[in-house]
Amino acid sequence: MIQLFDTALGRVAPIEPRTPGQVSMYVCGPTVYDVPHLGHGRFSLVFDVLRRYLEWSGFEVDYVSNITDVDDNIIKRANEEGRPPDAVVAEYEAMWWNAMDRLGVKRPTHDPHATAYVAPMVELVGRLVDAGIAYETSDGVYFESEQVDGYGLLARQSIDSLRAGERVAVNDEKRSPVDFALWKKAKPGEPSWPSPWGDGRPGWHTECVVMALDLLGEGFDLHGGGQDLAFPHHENERVQAVALGRAFARHWVHNGFVEVDRVKMSKSLGNFTTLTELLDHTDARAYRLLVLQSHYRSPVEVNADTVDRAVRTLERLDEYARRVAAAGLPDAAADASVVDRFRSHMDDDLQTPAAMAVLSDTVRDVNIALDEGRPDDAAPLAAAAAEILGAVGLTVGTDDEALDPATTDLVARRDAARADHDWATADAIRAELEAGGWVVKDTPSGTQVHR
């Protein structure tokens with residue numbers, strides 16, 4: 001079974017499913033008030049790869065990723081632009097799904113929206129108030145964090161150090177700087193729902209607790225997201241469940257940051273690049289490859305140079321895939337030793353860089369076998385490479401249209417000219433093909449063209 005670094009344990013540990021053959025995952029989704037950024041793209045790809053690998057390994061994966069559609073940032077943008085919050089949500093949620101589709105990220109099994117769960121959120125807050133673990137103030141209801149033993153687990157810090165590191169609280173009614181809002185009383189004109197503490201809206205940390213427990217049940221297998229969510233967001237989710245005596249996530253997994261020129265990407269630093277901009281200017285698969293070439297817990301550097309290298313690697317993989325398709329290799333089972341090497345790296349804390357090295361070695365070996373005229377040796381290796389590509393969601397090759405009769409005739413004439421060593425005619429036909437928008441490659445099996 002796969003082993004992953006569990007933030008709660010502070011070490012790599014096996015992911016032991018609650019139900020044999022099934023894995024339940026909750027991954028925090030976006031707050032839809034702006035264009036998705038590169039960090040959104042990274043966590044989506046990391047957990048898409050994990051999900052795909054688990055499914056490739058034979059597990060049924062129940063994957064939940066939520067949409068936060070009520071939030072201070074949504075309200076702020078709506079007010080600034082003079083339009084309803086619902087319009088902001090509709091615009092940016094559409095952008096989100098468009099970006100995910102372009103990245104090739106599989107849609108979640110469930111994509112709950114916070115506003116559909118307000119009633120059970122009110123119920124959860126009420127239970128915490130009745131238990132004496134939450135208290136009302138003039139602006140909302142707060143969770144009293146220090147009442148829960150072990151608060152700060154996912155921050156890997158004690159509550160004393162967290163308290164010391166907190167800024168002075170804006171709300172002096174809070175009993176501790178580390179207390180957090182469960183319910184926010186509405187200001188005039190804000191979206192709101194009724195509650196025993198007045199009209200308002202749920203706090204962000206409460207939303208995911210309710211949705212995760214409703215859709216996945218107690219003791220679900222894995223809760224994931226970006227490293228920046230471990231504290232306070234995920235910790236504040238965790239302690240609400242603990243305070244109510246409910247089993248929450250069995251494992252906590254977090255991916256590392258995106259960096260631009262070795263500096264963590266953030267709006268405040270001015271190096272914020274949108275995911276949409278990246279996808280508009282390069283092959284969408286390049287970002288998946290960049291993510292695969294970096295260990296999920298390490299920073300990933302995204303700049304013109306790293307993206308360009310990924311694009312060039314994809315071009316070589318595309319050329320390889322076209323060559324294999326043209327070679328007409330015999331059917332063969334995937335080479336077991338290659339698949340086993342790939343699996344061992346993936347099961348060891350999702351070591352995707354090592355797994356991609358296995359892919360690279362296998363592609364090289366297939367090309368060598370084809371160069372030497374050994375199709376029977378190339379076939380099981382090519383099948384293993386296809387297994388690896390499928391397991392990590394990386395599509396290579398081309399989906400260009402079938403060759404039209406005129407192009408097919410040009411390719412055949414060029415191959416005949418080359419066979420007769422008529423290089424002048426072969427070069428002239430190449431020029432004609434290229435003028436028609438085709439990329440021309442000379443291979444041992446003949447002329448290959450693609451758009």
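**Aromatic pairs**

I searched the whole structure for aromatic pairs and got ten. I note at the outset that this is a predicted model.

I looked up Phe 43 and Trp 96 next. Their rings form a stacked pair, with 6.2 Å from centre to centre and 25° between the planes. Phe 43 belongs to helix 1 (residues 38-56) and Trp 96 to helix 3 (residues 85-103), so this pair ties together parts 53 residues apart in sequence. I checked burial for both partners. Phe 43 is buried, at 8% relative accessibility. Trp 96 is buried too, with a relative accessible area of 5%.

Then I turned to Trp 183 and Trp 197. The ring centres are 6.3 Å apart and the planes stand at 55°, so I logged the pair as tilted. Trp 183 sits in strand 7 (residues 180-185), while Trp 197 is in the loop between strand 7 and strand 8 (200-202), so the pair ties together parts that are 14 residues apart in sequence. Trp 183 comes out as buried at 1% relative accessibility. Trp 197 counts as buried at 10%.

I also found an aromatic cluster made of Tyr 53, Trp 56 and Phe 342.

**Charges over rings**

I looked for charged ends placed over rings. Arg 175 has its charged end over the ring of Tyr 135, 4.0 Å from the ring centre. Arg 297 does likewise with the ring of Tyr 296, at 5.9 Å from the centre.

**Salt bridges**

My search of the whole structure returned 29 salt bridges. I followed up a few.

Asp 48 and Arg 288 meet through their side chains in a salt bridge, 2.9 Å from N to O. Asp 48 is in helix 1 and Arg 288 in helix 9 (residues 285-292), so the bridge ties together parts 240 residues apart in sequence. Are the two partners buried or exposed? Asp 48 is buried at 2% relative accessibility. Arg 288 is buried, also with a relative accessible area of 2%.

Next I took Arg 51 and Glu 55, whose side chains form a salt bridge at 3.4 Å, N to O. The two are four residues apart in helix 1, which means about one helical turn separates them. Arg 51 counts as buried at 5% relative accessibility, whereas Glu 55 counts as partly exposed at 26%.

I then checked Arg 201 and Glu 190. The closest N and O atoms of this salt bridge are 2.8 Å apart. Arg 201 lies in strand 8 and Glu 190 in the loop between strand 7 and strand 8, eleven residues apart. Arg 201 is buried, with a relative accessible area of 5%. Glu 190 has 19% relative accessibility; the limit for buried is under 20%, so Glu 190 still counts as buried.

I also noted a network of salt bridges that links Asp 34, Arg 77, Glu 81, Arg 83 and Glu 91.

**Domains**

I looked up the domain division. The chain is split into domain 1 (18-255), domain 2 (258-397) and domain 3 (401-450). The C-alpha centres of domain 1 and domain 2 are 32 Å apart. I asked how many residues each domain gives to the contact. Domain 1 supplies 27 residues and domain 2 supplies 35.

**Nonpolar cores**

Last, I went through the cores. The largest nonpolar core holds 82 residues. Those with the most contacts inside this core are Leu 4, Met 25, Phe 47, Leu 50, Tyr 287, Phe 342 and Leu 394. Helix 13 (residues 375-392) gives the most to the core, ten residues. Where does the core lie relative to domain 1 and domain 2? Both domains give residues to the core, so the core lies between them.

I took Phe 47 from that list and looked up its contacts, leaving aside neighbours within four places in sequence. Phe 47 is in contact with Met 25, Val 27, Tyr 63, Leu 222, Gly 224, Gly 225, Val 253 and Asn 255.

Methods:
Residues are numbered from 1 along each chain as its sequence is written. This is a predicted model: local features need pLDDT of at least 70, side-chain atom pairs count only at pLDDT 80 or more; totals for chains, interfaces and linings use all residues. Side-chain values use heavy atoms; hydrogens and water are left out. A nonpolar core is a set of buried Ala, Val, Leu, Ile, Met, Phe, Trp, Tyr and Cys residues joined through side-chain atoms within 4.5 Å. Buried means under 20% relative accessible area, exposed over 50%, partly exposed in between (1.4 Å probe, protein chains only). Domain bounds come from an automatic or database domain assignment. Contact means heavy atoms within 4.5 Å. Rings of Phe, Tyr and Trp (its six-membered ring) pair if their centres lie within 6.5 Å; planes under 30 degrees apart count as stacked, over 60 as edge-to-face and the rest as tilted. A charge sits over a ring if NZ of Lys or CZ of Arg is within 6 Å of the ring centre and within 35 degrees of the ring normal. A salt bridge is a side-chain nitrogen of Lys or Arg within 4 Å of a carboxyl oxygen of Asp or Glu.
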